[in-house]
Amino acid sequence: MGKKLLLEKANVQGIRGYDVYRREGGYASVEKALRNMTPDQVTEEVKKSGLRGRGGAGFPTGMKWSFLAKPEGIPRYLVCNADESEPGTFKDRYLMEFLPHLLIEGLIVSSYALGSKSTYIYIRGEYAWIPEILEQAIAEAKAGGWLGKNILGTGFDCEIYVHTGAGAYICGEETALIESLEGKRGNPRIKPPFPAVKGVWDCPTVVNNVETLAAVVPIINNGGEAYSKIGIGKSTGTKLISACGNINKPGVYEIEMTISVEEFIYSDEYCGGIAGGKRLKACIPGGSSVPILPANLLLKTAKGETRLMNYESLSDGGFAKGSMMGSGGFIVLDEDQCVVRHTLTLARFYRHESCGQCSPCREGTGWMEKILRNIENGKGKKSDIDLLWDIQRKIEGNTICPLGDAAAWPVAAAIRHFRDEFEWHVDNPKECLVRNYGLAHYADPLEAATA
Amino acid sequence: MAGREAGAVNSWTMVKFSEDKLKKVDEIVARYPAGKQKSAVIPVLHLAQEEFGGWLSVDAMDYVAGLLKLEPIEVYEVATFYSMLNTKPVGRFVFEVCQTGPCMVRGCDDIIAHIKQRLGIEVGETTPDGLFTLRTVECLGACGYAPMMQLGKYFREHLTPEKVDAIIKECREKAAINN
């Protein structure tokens, strides 16, 4: 069993409620931080821990905090990004639904570090039953003296508010989230100025993911150094992985970032192998935006080393032969899945979610969907594959926010690794309507595939 | 727009929150700094949609604009951006079936086909009795529990044709009781 920092108590009966959470040691980190540490010392511990943003980008959290501008007389805000919408990702939902107090505790400590007196949780609108759970936890924490005015007699005031979105993937991007929190359309802003200088209502703002803020609790309880010793290299601590697709045990798992991808997929502690005893075809290891990897490049890197479930190892080989840790949305495809069809659903997703501000993304995502639909339905041409490649190249890097890149990468990776499957669709326009391409040569052992 | 015409002359009298709901609006506005009541627009539009039949007519949007001291356009542009805010009428029960990759590999296409067949409508349509609307949506964050759909406030997960039939029955029974 790997070490658990976030989900350790997830199975304790009644942990969702305040009394049990408190009895299990909850809110100790607030006591420790507010009584014995200065806000800068809290930030220092988070820096020492090596914690990286768990929403997808993996930016060091302590460093992000230290960028926050602190001009006199202007309020600062912490905003929790609970707009979890990356296909394959459902870990934050699990945390909020079953361990709401862990998030609230992390938010109080983080608000103290940043000097945020009004902290907002921006939660996606579709999680419509969760705001009540969070609001109850907030009310309980307030009744317990952990929120409100002059918390623990330290003079620190803090309130937490839940703000619901209304269905827009783009609002997971921090500047779009800020726009949405201000009551506008979720159009990302041009940076700079960065939110750390000019965020919500033009005030300095830090936006952090749910899991990131929850991880602050064990960091303060055990010290940043202890946290940094878990894991490997720059992948410190534990990571929540939401596993889905054709596996036996879909769900949310907390892992130490030292285990191998193979162990994660096949061991009974985690995914429990491919459903129905089928073979592994491919996997998108970090949410829909990151490159898909065929089985041979997933379990071992191009250098033949065992691939591990962490930031460095998953991106080993770059985009040509690697992928990314991303948000931890782990999507597994078995031998019967069609990569063209799967890529089409993702292209449709990005077309639907493009905010429409930048032409390359607004137009490009629509064209990618149309072309992929044609290929999937046996109406494609060979030249369409090159056209797709060309379109994704012209989106990537040419937009205000990373949604353009996120739309381009899955298409690029699918063509890069599964071009033969796209060609088969073009060459077999009737057959591709009734059966899938299957595994082709990609499930063969690496040695055989490269021999 | 349809909402204004359908509402006729004194339609604004119908578009009005109860005292309870108005209190709720005040509570929501109080979450934000003074003068930043625009931030309340999405939460208040959710309230309005709940209260005024599942969708936002122009009258409803104008009413919200008045409550929050915004120009109507500020409300329209938000209402038309977010996919959960309906600017056209919907059925009493809206089946929103996820169709993105992770749900697709777990068979959402079969579920959608089954619902179409059972309700006799296409995606985007409402049954003639106004009870059901079928919609496909993009990833709702329940990938591990696929296939799934949203029905009102809650998710219905691990769907099978049998489960879908039970849900349809449940909705019909609910409608019969409340009528």
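What pattern does chain B follow, read along the sequence? Chain B reads α-α-α-α-α-β-α-α-β-β-β-α. That is eight helices and four strands in chain B. Helices here are DSSP runs of H or I with at least four residues, strands are E runs of at least two, and both are numbered from the N terminus.

Some ground rules before we go on. This is a predicted model: local features need pLDDT of at least 70, side-chain atom pairs count only at pLDDT 80 or more, and totals for chains, interfaces and linings use all residues. Residues are numbered from 1 along each chain as its sequence is written, while chains are lettered from A and ligands numbered from 1 in the order in which they are written.

Let me stay with chain B. Its C-alpha atoms fill a box of roughly 50 × 35 × 30 Å, taken along the principal axes. The domain assignment gives domain 1 (2-79) and domain 2 (93-178) of chain B. Domain bounds come from an automatic or database domain assignment. The C-alpha centres of domain 1 and domain 2 of chain B are 28 Å apart. One detail to look up: a cis peptide bond between Ala146(B) and Pro147(B), with omega about -10 degrees. Pro147(B) sits in the loop between strand 2 (132-137) and strand 3 (149-151) of chain B.

Now chain A. The assignment gives domain 1 (18-229), domain 2 (232-334) and domain 3 (339-435) of chain A. The C-alpha centres of domain 1 and domain 3 of chain A lie 36 Å apart. Their contact takes ten residues from domain 1 and nine residues from domain 3 of chain A. Contact means that C-beta atoms, placed from the backbone, lie within 7 Å. On the domain 1 side, the residues are seven nonpolar, two polar and one charged. For these classes, Ala, Val, Leu, Ile, Met, Phe, Trp, Tyr, Cys and Pro count as nonpolar, Asp, Glu, Lys and Arg as charged, and the others, Gly among them, as polar.

Next, a sheet in chain A. Five strands form an open, mixed sheet in the order 3-4-2-1-5. Strands pair if DSSP finds at least two bridges between them. Which are the edge strands? Strand 3 (148-151) and strand 5 (205-209) of chain A, each pairing on one side only. Neighbouring strands of this sheet are turned by 25 degrees against each other on average, direction ignored. Strand 1 (residues 76-82) and strand 5 of chain A run parallel, joined by five bridges. Val79(A) has Val207(A) in strand 5 as its bridge partner.

Helices lie across these strands. Helix 8 (residues 174-181) of chain A lies across strand 1, strand 2, strand 4 and strand 5, at about 105 degrees to strand 1. Angles run from 0 to 180 degrees between N-to-C directions, and axes are lines fitted to C-alpha atoms, for helices over the stretch in contact.

A cis peptide bond joins Lys191(A) to Pro192(A), with omega about -5 degrees.

On to a hairpin. Five residues link strand 8 of chain A to strand 9 of chain A. The two strands pair in the antiparallel sense over six bridges. Lys239(A) has Ile255(A) in strand 9 as its bridge partner.

Then a helix pair. The axes of helix 17 (residues 382-395) and helix 18 (residues 403-427) of chain A come within 9 Å and cross at roughly 165 degrees. The two helices are therefore roughly antiparallel, a label for angles over 145 degrees. Among the residues that meet are Trp389(A) in helix 17 and Phe422(A) in helix 18. The residues of this contact divide into eleven nonpolar, two polar and three charged.

Last, where the chains meet. How many residues does each chain give to the contact? Chain A gives 46 residues and chain B gives 34 residues. Strand 4 (156-164), strand 8 (238-245), strand 12 (329-334) and helix 15 (339-353) of chain A each supply at least two residues of the chain A side. Helix 15 of chain A has the largest share, seven residues. By class, the chain A side has 17 nonpolar, 20 polar and nine charged residues.

Notes
Angles under 35 degrees count as roughly parallel, over 145 as roughly antiparallel, 65 to 115 as roughly perpendicular and the rest as oblique. Two residues are in contact if their C-beta atoms, placed from the backbone, lie within 7 Å.
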